[in-house]
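Welcome! Here is a short briefing to read alongside the sequence and the 3D view.

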Amino acid sequence: MARARHRVVSLAAVGLVLLAACSREAPNVLEPEGPGAKSVASVAYLMFGLATVVYVVVAAFIIIGALRGTKDSRISDNAFIWIGGLVVPTVILAGLAVVTVKTTDTLRKPDADALKIEVTGYRFWWGVKYPEQNVSTANEIRVPAGRPIEIALQSVDVIHSFWVPQLAGKVDMVPGQRNVIRFTADKPGEYRGQCAEFCGLQHAKMALLVVAEEPGEYERWVIRQQRPRGGPGSEREAAGEQVFMRSSCAGCHTVRDTEAQGTLGPDLSDFGSRRTLGAVAVENNKANLAGWIANSQSIKPGNLMPPVTLEPDELLNLLEYLENLR
Amino acid sequence: MTVTEERPPTPEEEHEAIELLWEEAPGAPGFFASVDHKRIGMRYIYTAFIFFFIAGLQALLLRAQLTSPDSQVMGPQTYNQMFTMHGTTMIFLFNTPVLAGFGNYLLPLQLGTRDMAFPRLNAFSYWIFILAAIFMYSSYLVGRPPAGGWFAYVPNANKTYSPGINMDFWGLGVTFVGISTTVGAVNFIVTIFKMRAPGMTLNRMPIFVWSILSMAVMILFAVPALTVGTVLLEADRLFGTQFYEAAGGGSPLLYQHLFWFWGHPEVYILFIPAAGMVSTIVPVFARRRLAGYKWVAASLVGISFISFGVWVHHMFATGLPALAMSFFSAASLIIAIPSGVLFFCLIATIWRGEVEWTVPFLFAIGWFLIFLLGGVTGVMLGVLPFNWQATDSYFIVAHFHYVLNGAVVFPIFGALYYWLPKMTGRMLDEKLGKVSFWIMFVGFNLAFFPMHVLGFLGMPRRIYTYSEGLGWETLNLVVTFGSGLFGLGTLLTLINFFMSKVKGKPAGANPWNADGLEWSTPTSPPPECNFESIPVAAGRHPLWDSEKLEEAESGSDEATRSMGPPGALNRQTPILSGLQSGPEETMDIPEPTYLPFILALGIAVIFMGLLIQAAVVGVLGLAVAAIGITTWLWRTEVDLQ
Amino acid sequence: MTTVEEATASTEAEIFEAPRSKPGRSTAWWGMVVLIMTEATIFASLLASYFFLQAAAKEWPLGGIEAPELSKISLMTLVLLGSSAPMFWAEHGIRKGQVWRLKAGLIMVILMGTSFFAFLTLYEYPELTFGIKDNAYGSIFYITTALHGAHVAIGLMMLGVVLIKTFQGKITAERHITLEVVGMYWHFVDAVWIFVFSSLYLSAHIK
């Protein structure tokens with residue numbers, strides 16, 4: 001008993017210490033991984049280039065003008081005002097207007113072949129549903145690489161915003177409204193996203209992952225989610241399942257094909273196959289999970305999951321159960 | 001038995017009598033009852049700067065927290081409160097009032113008159129400002145500062161998701177301070193129309209006055225939308241209405257539309273007077289008249305007008321119909337055109353000028369270099385697909401600090417160095433001023449330029465911390481360093497100010513050899529009555545146009561009797577026609593009175609009653625306000641001669 | 001090109017020696033014009049919000065509320081808008097020095113305005129089947145009509161002050177700025193009601 005408690009304490013300690021979250025690379029707008037993001041990145045490069053030229057030229061006029069110290073010049077006031085102030089800006093802006101229209105058009109075109117997903121914003125996590133496949137998960141959105149994705153965005157509480165910089169611009173999730181975002185992930189990979197509309201205490205740690213996989217692997221995951229869940233694989237898992245159902249867990253969380261059908265917190269049906277927990281707050285491993293369950297407030301203060309006190313061996317069994325939910 | 005001689009007073013005796021008449025009472029009575037525009041203007045400036053430094057401190061604390069990943073300097077609640085108050089303070093309690101303060105101080109002097117059109121209303125607008133500021137900051141006293149962000153989007157800012165009194169300090173406070181802004185705008189517009197010096201047609205007004213006129217007209221049409229937005233928010237919070245509740249048929253986006261319909265013009269309400277300051281300072285130190293004055297004025301007006309047609313660009317990510325967004329995207333691009341014209345008129349002025357590199361001119365150059373960048377990123381943000389990546393990220397934080405800090409604060413500092421000598425009679429130290437400028441300029445760019453990059457590295461705004469390994473650490477460190485440097489730079493000007501009060505060189509009437517009428521007063525600070533004789537303004541640059549300024553003389557009829565010293569002796573000033581600026585009648589300038597303060601206090605008590613939900617307090621406030629306003633209006637004898 | 005001296009001299013000639021036309025409007029008048037512009041924008045924002053909420057709704061009014069009944073409010077609308085007539089009559093009267101017209105006109109305006117206000121608060125509000133908290137329709141309906149009602153009440157108080165000043169003999173043919181300013185405000189209140197009535201009462205009946 002003492003040994004189990006000791007294990008738990010050290011696991012929890014390590015978990016709490018590992019507050020530093022996942023090292024996912026910076027979600028760089030200029031490292032696009034989808035056609036939509038690529039077209040925006042091109043526009044961005046164009047405008048950065050243009051901006052640099054404009055800035056350098058105009059700044060030169062300002063500084064040289066101030067340093068010249070003489071009234072004489074071949075450039076008249078009118079030349080400055082009308083060419084610099086009117087004609088050149090008008091030409092540049094007209095060009096940008098055309099670019100705007102063209103790019104916006106391509107970005108918003110729907111695709112009949114798109115995989116439809118529904119993402120709902122909560123404080124401070126993301127509910128993810130695949131309506132046509134009847135699959136439900138949270139915080140990590142699996143998609144087949146190369147296929148157009150269409151996500152319907154909603155919110156149950158406040159305004160959130162869905163932003164995965166390498167794949168697309170952001171779209172807000174407004175309560176009472178249904179917005180749509182479209183993107184394609186060109187190749188497999190993990191793409192970090194983050195909530196981009198201030199939503200309260202833990203807005204900072206409401207992140208998500210779009211996990212693009214080879215279509216075959218994605219299909220296998222879908223099928224696994226659709227298959228009826230077998231019983232727990234080991235004695236420890238069975239014991240853990242008991243802990244889950246008897247404690248407060250089942251009241252807030254859903255595990256497909258069990259009595260746990262709570263909807264206040266994320267769906268945990270495939271929790272074991274997720275890379276992170278707490279909406280990309282920390283890596284998903286037993287140490288962090290122990291810390292999260294014992295007191296998620298120490299990792300994400302202000303999130304809506306209360307601390308859960310369990311006996312050490314109960315906790316260990318629960319960890320085993322959760323990490324094997326796939 | 002003495003024989004009293006009947007003779008007209010000598011100019012010296014006249015002068016003494018005028019000074020005696022206009023002198024402010026000492027102590028509390030003078031302080032609370034003053035209706036003098038110069039005093040009120042300086043109070044606005046001093047008070048606003050107190051809040052500038054408070055908000056600056058808040059910014060540095062925010063930066064301390066963001067310097068390293070997973071930092072423990074402060075938790076999310078404190079951080080969220082801090083950025084809410086930083087933004088709210090900078091916009092409502094610094095930028096807006098300080099520009100109103102300069103407008104208040106300068107307008108009668110630049111226009112050639114003895115006070116504003118409504119001096120008591122002027123005092124009232126100041127009292128509302130400081131009482132509203134105290135109202136908002138009392139949230140700290142009870143440990144409940146608001147944490148909804150400076151624009152307080154619903155549903156996050158409603159009673160469900162922001163329970164407690166915190167957001168009510170914000171919602172009620174913003175409504176409260178809006179009264180000051182609106183009333184101030186009324187005063188500016190009527191003063192500009194009816195109290196310009198004889199001969200000062202609209203075509204000859206100082207360019208700064210054009211900028212204040214544009215600002216005031218924008219305020220008139222923009223602030224009501226904010227008032228409605230925040231009143232409906234507070235109605236939802238305090239009285240259970242459903243304006244913004246999706247479940248009750250309300251709309252969270254309605255709040256955004258109302259807020260940004262004000263919010264966008266607001267940034268021009270700040271930018272335009274600042275541009276007016278630059279347009280005043282540049283000609284003086286380029287030693288030539290403003291190039292394209294007509295076009296500068298037209299651009300100021302044009303920008304003000306277009307600014308009402310772009311607000312949706314703050315909402316591009318909300319899922320609006322494509323057609324609507326395209327219109328607003330186009331308008332957002334178009335506004336760059338009058339901005340360009342304005343900018344290049346100023347460049348032209350410099351190009352053919354012979355520049356004297358004073359501190360005010362340095363700050364003007366700072367404006368040029370900073371606004372150019374901010375304007376360019378603004379154009380980028382008007383391009384819809386770019387906006388969808390950049391909005392709500394640190395890119396936008398970079399952009400708005402370039403335009404609201406750089407393009408507004410740098411002119412304000414320039415204005416301090418330029419006009420404080422006239423206001424206080426003392427020059428600020430030139431060397432210290434230059435050091436202050438350079439540290440501010442370098443610090444500013446180090447602080448805010450990297451934020452563009454951070455935004456493109458995927459860093460959203462309003463986050464109290466971030467994880468290691470995202471690649472955001474180094475740039476955040478640079479930003480913090482730059483912010484500290486910028487803060488240091490501003491402190492140097494503060495020190496410079498105090499130094500100048502003690503041992504600044506006496507300024508004399510016109511230390512810069514500038515052109516405006518404010519420099520024509522024989523002393524610095526100006527005489528209490530501004531002008532013993534109202535000047536005749538035949539040109540746009542009065543002091544450069546003639547060796548000696550023509551002064552109007554008092555005639556015997558109603559329209560001209562206050563033009564000369566008799567007007568100053570009787571505490572009067574002329575009212576002139578709106579377009580031609582020919583004399584029409586004479587206005588009695590009200591005596592100092594406590595009524596504006598009392599009315600403002602009554603209104604503050606009403607807001608307090610709403611805040612703490614105590615009807616008794618609200619009714620008490622209403623009673624005080626009712627007595628105040630009734631007495632005030634009753635004493636306003638516009639009808640009797 | 002004129003020298004500055006010539007410009008100054010001609011300016012002085014223009015403005016000081018030229019025959020004087022009738023003086024323009026007073027600062028008080030301009031102040032009220034500007035105030036009205038900002039107040040009008042408040043009402044415009046509220047009405048825009050009304051139509052925004054309507055556009056976003058599936059049915060309007062919300063929650064099965066019936067579109068407001070028109071007969072009595074239309075009558076009272078005529079009363080309120082009609083009160084502009086005695087107001088004009090009073091204003092024209094005092095310009096000719098006819099103080100009796102001013103007094104009679106003001107009294108009529110006050111009576112008509114008060115009956116409108118009394119109708120709204122004592123009859124219309126109690127009779128409505130919905131409350132301000134019921135849904136967004138109730139909220140926007142009450143707040144808009146109540147804000148207008150508050151403007152009517154303030155207008156009535158100011159008219160009362162003008163009436164008192166009239167009896168004190170302070171309002172004359174030569175100077176009656178208080179009356180001009182309050183009169184303008186009253187016409188504004190009436191004009192706003194045209195928009196509020198059309199939006200909240202009439203348009204709800206257009207299917």
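R462(B) lies over the face of F151(B), 4.2 Å from the ring centre. K165(C) likewise lies over the face of W634(B), at 5.7 Å from the ring centre. A charge sits over a ring if NZ of Lys or CZ of Arg is within 6 Å of the ring centre and within 35 degrees of the ring normal.

This is a predicted model, in which local features need pLDDT of at least 70 and side-chain atom pairs count only at pLDDT 80 or more, while totals for chains, interfaces and linings use all residues. Residues are numbered from 1 along each chain as its sequence is written, chains are lettered from A and ligands numbered from 1 in the order in which they are written, and side-chain values use heavy atoms, leaving out hydrogens and water.

**Aromatic pairs**

- Over all chains, the structure holds 109 aromatic pairs; rings of Phe, Tyr and Trp (its six-membered ring) pair if their centres lie within 6.5 Å, and planes under 30 degrees apart count as stacked, over 60 as edge-to-face and the rest as tilted.
- F31(B) and W127(B) have ring centres 5.7 Å apart and planes at 75°, so this pair is edge-to-face.
- Because F31(B) belongs to helix α2 (residues 27–33) of chain B and W127(B) to helix α5 (residues 119–141) of chain B, the pair ties together parts that are 96 residues apart in sequence. Helices (H or I, at least four residues) and strands (E, at least two) are DSSP runs, numbered from the N terminus.
- F31(B) is partly exposed at 38% relative accessibility, whereas W127(B) is buried at 4%. Buried means under 20% relative accessible area, exposed over 50%, and partly exposed in between (1.4 Å probe, protein chains only).
- W367(B) and F368(B) also form an edge-to-face pair, with 5.1 Å centre to centre and 75° between the planes.
- W367(B) is buried, with a relative accessible area of 0%, and F368(B) is buried at 0% too.

**A sheet in chain A**

- Five strands of chain A form an open sheet with mixed pairing, in the order β4-β10-β9-β6-β7; two strands pair if DSSP finds at least two bridges between them.
- At the edges are β4 (140–144) and β7 (171–173) of chain A, each pairing on one side only.
- β4(A) pairs with β10 (residues 207–213) of chain A in the parallel sense, over five bridges.
- In this pairing, P144(A) stands opposite E213(A) in β10(A).
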